Amino acid sequence: MSNPISVLNHAADNIRILAAASVEKAKSGHPGGAMGGADFINVLYSEYLKYDPKNPSWIGRDRFFLDPGHMAPMLYSQLCLAGKFTLDELANLRQWDAPTTGHPELNVARGIENTSGPLGQGHVLAIGAAIAAKFLAAHTGNPTFERETIYAYISDGGIEEEISQGGARIASILGLDNLIVFYDSNDIQLSTTTDVVMNEDTAAKYRAFGWEVIEINGNDVEQIRRALDTAKQVKGKPTMIIGKCIMGKGARKADGSSYENDCKTHGAPLGGDAFVNTVKNLGGDPENPFTIFDDVKELYAKREQELAAIMVKRKAEEKAWADANPEKAAQLADWFSGKAPKIDWSKVIQKDNDSTRSASAACLSALAEQVPNMICASADLSNSDKTDGFLKKTTAFKAGDFSGAFFQAGVAELTMACCCMGMALHGGVIPACGTFFVFSDYMKPAVRMAALMEIPVKFIWTHDAFRVGEDGPTHEPVEQEAQIRLMEKLKNHHGRNSVLVLRPADAKETTEAWKLAMENTATPTALLFSRQNITNLPEGNDYSQVAKGGYIVAGSDENPDVILVASGSEVSTLEAGAKLLRADGKKVRVVSVPSEGLFRQQSKEYQQSVLPAGVKKFGMTAGLPVTLQGLVPESEGTIWGLESFGFSAPYKVLDQKLGYTAENVYEQVNKLF
Ligand SMILES: Cc1ncc(C[n+]2csc(CCOP(=O)(O)OP(=O)(O)O)c2C)c(N)n1
Ligand SMILES: [Mg+2]
């Protein structure tokens, strides 16, 4: 490399000053880690990371995933040197409407590949992105994906988080040699030094996982370069570079003594004279810290030219491939357009009275055949969560062979979710992942981030109610539906429901639910499916109405005396109860609400026409009664729900014992009159 080390060190000091200054100005934030990591990120951006300065969303770019979101000042300062943020924006860190949010939020145009903050997730997103790059290389043959390197930056907190074990396992078993993780090992965390909580040999741990591990001084330019050069040559496995970094490198206290390696710099401004002394120590002007040094400007101007030259070659290579493979090239453009794929749903033939998980398998089977960029995953439950409908049409990923489209994640739901989210962030693929609904609890932190980032991952959750039965209360979801439906109520930054949640009532509603899921390119979708068979809704039901979130089921009476409301398999229980009520002369309407969130987006007139105020209502849910509270007001009726963890017994016994029968519907509804 031709860049003088003195200039690189100056640039790293520049980053340290900018990071410390932005935190100082905001009066809050995290300067210490950012100052320690500056050397690595600066070497990476000034000499290694390949991206198109003119087109931030270039599909073949290297990607940088930050795990410790609290090190945002480091990333923003680095991206400021690379021209993606202004000095004014740095000075506005953490302020209303500023792009320099407290923790980085996904913004590819600004060079931010992922939202980060919850430690541990960020580097597993990178693992997902690395999988996506391997998939695209195998499925398109476009050489640009072979050249991509996915970089991740992890800190002590991310290493301590359990998800790092799942990530380490997956990256190794899949041989992700396009992944380079830098571990900022500064021995300091928020409230203690790391030795208080951690005595593992992290290098040995990752070697045992099958990774290449390189140990360096993380503040030394030459060692960083050598490590990156070596890592890029490694074949067949991922690489971790463990950089011993100095927390708060260059920081000085008010009395001029060292402020390095001190927990206090983790999450607070250096403060007053300490800040002044630090900036001076780093060669800056405390009166004017928001400055880019001239030689640093030159360094990054030079890098921009180098990148422009690299881009000429890469674009030519991509064009040669596109010219030789025009159909594939058109298809690839389509995959990266973010548009919903075209699917012929008439190919999905549903069996009568099937479980909705099997009905989902029928959909997945069609998707495997028709959506060549879809990737389906399961956390070791594919034959139960019925993602095997997809698997039967393809093969699972293996190290060196990404010609299939199934991702066996092993028993690691959070890891699976983050990998799938990372695939979505990479772009070009449509990820879905399945497990039992009760284990969605292991995924919530990721689902929340997927919702915040607005990425359209499909979460398939089967065994959606206590009718798991014999497995007992450990496996019976009760409060989970209410929890995930809270995400329908939470709006994302575009004002949309942050998650689309669909719980279809029978096999044909399942096809409609999958259709909505595939059309939803704007948010994650949660699909809740039954384990047990469900009687079809009445003949003549207009299934296209699933798209309205809630609708009147065929066979309902005009001017009803009572409206019965449910989602999922409880709709068929209500239908059975309706028969008994009608035999008594009652006029009954049955309403299926696969998504309350979607239903509430319809016109007030429509909502009122389906659930008119003033008409008696009865709701039935296998979840907590609160699940239906928005649809069945207390003043108009009652809700039959589950208020315990459930019990161990065959599901038909549980239905009887817990009151999920036609007879109980009849009895409870009669109490309203
Ligand atoms: C899942 C999660 N738990 C807790 C936190 C709060 N937190 C932010 S940083 C941090 C300590 C991080 O230490 P380290 O990763 O070593 O960063 P450094 O102090 O070196 O900057 C904690 C506990 C978090 N952001 N995410
Ligand atoms: Mg640390």
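Modeller: The structure is a predicted model, and it holds 3 cavities of 30 Å³ or more. Rolling a probe the size of a water molecule over the atoms shows where empty space is left. The volume of the largest cavity is about 130 Å³. Its lining is made up of 14 residues, and those closest to the centre are Tyr45, Leu49, Tyr51, Gly111 and Glu113. Sorted by class, the residues that line the largest cavity are 8 nonpolar, 1 polar and 5 charged.

From the cavities we may turn to the pockets. The largest pocket has a volume of about 820 Å³. It is lined by 35 residues, and the ones closest to its centre are Trp335, Phe336, Ser337, Gly338 and Gly428. Three elements, α13 (326-336), α17 (413-426) and β8 (430-436), each give two or more residues to this lining. Of the elements, α13 contributes the most to the lining of the largest pocket, with 4 residues. When the lining of the largest pocket is divided by class, there are 16 nonpolar, 12 polar and 7 charged residues.

The second largest pocket has a volume of about 610 Å³. Its lining consists of 27 residues, and nearest its centre lie Phe145, Glu146, Arg147, Glu148 and Thr149. At least two residues of this lining come from each of α5 (121-140), α6 (144-147), α10 (221-233) and α12 (294-324). Here α12 supplies the largest share, 5 residues. The lining of the second largest pocket comprises 11 nonpolar, 4 polar and 12 charged residues.

Ligand 1 is surrounded by 15 residues, of which His70, Ser155, Gly157, Asn186 and His266 are the closest. By class, this shell contains 5 nonpolar, 8 polar and 2 charged residues. Particular atom pairs can also be named. In the side chain of His70, an N or O atom is 2.7 Å from an oxygen atom of ligand 1. For Ser155, the distance from a side-chain N or O atom to an oxygen atom of the ligand is 2.6 Å. Ile188 takes part through its backbone, where an N or O atom lies 2.9 Å from an oxygen atom of ligand 1. On its own, ligand 1 has 590 Å² of accessible area, and the protein covers 74% of it.

The chain has 25 helices and 16 strands. Its radius of gyration is 28 Å, close to the 26 Å that the globule rule gives for 673 residues, so the chain is as compact as a globular protein of that length. The C-alpha trace spans about 90 × 60 × 45 Å along its principal axes.

Methods:
Residues are numbered from 1 along each chain as its sequence is written. Chains are lettered from A and ligands numbered from 1 in the order in which they are written. This is a predicted model: local features need pLDDT of at least 70, side-chain atom pairs count only at pLDDT 80 or more; totals for chains, interfaces and linings use all residues. Side-chain values use heavy atoms; hydrogens and water are left out. On a 1 Å grid over the protein atoms alone, a cavity is a set of points where a 1.4 Å probe fits but cannot get out, and a pocket is an open set with protein on both sides within 12 Å along at least five of seven lines; lining residues have an atom within 4 Å of a point. Grid points are joined across faces, edges and corners, and a volume is the space filled by probe spheres set on the points. Ala, Val, Leu, Ile, Met, Phe, Trp, Tyr, Cys and Pro count as nonpolar, Asp, Glu, Lys and Arg as charged, and the others, Gly among them, as polar. A residue is near a molecule or strand if one of its heavy atoms lies within 4 Å of it. A polar contact is a pair of N or O atoms within 3.5 Å; within protein, one must be able to donate a hydrogen and the other to accept it, and residues adjacent in sequence count only if both atoms are side-chain atoms. Accessible areas come from the Shrake-Rupley method with a 1.4 Å probe; for residues, only the protein chains shown count as cover. The radius of gyration is taken over C-alpha atoms; the globule rule is 2.2 Å times the number of residues to the power 0.38.
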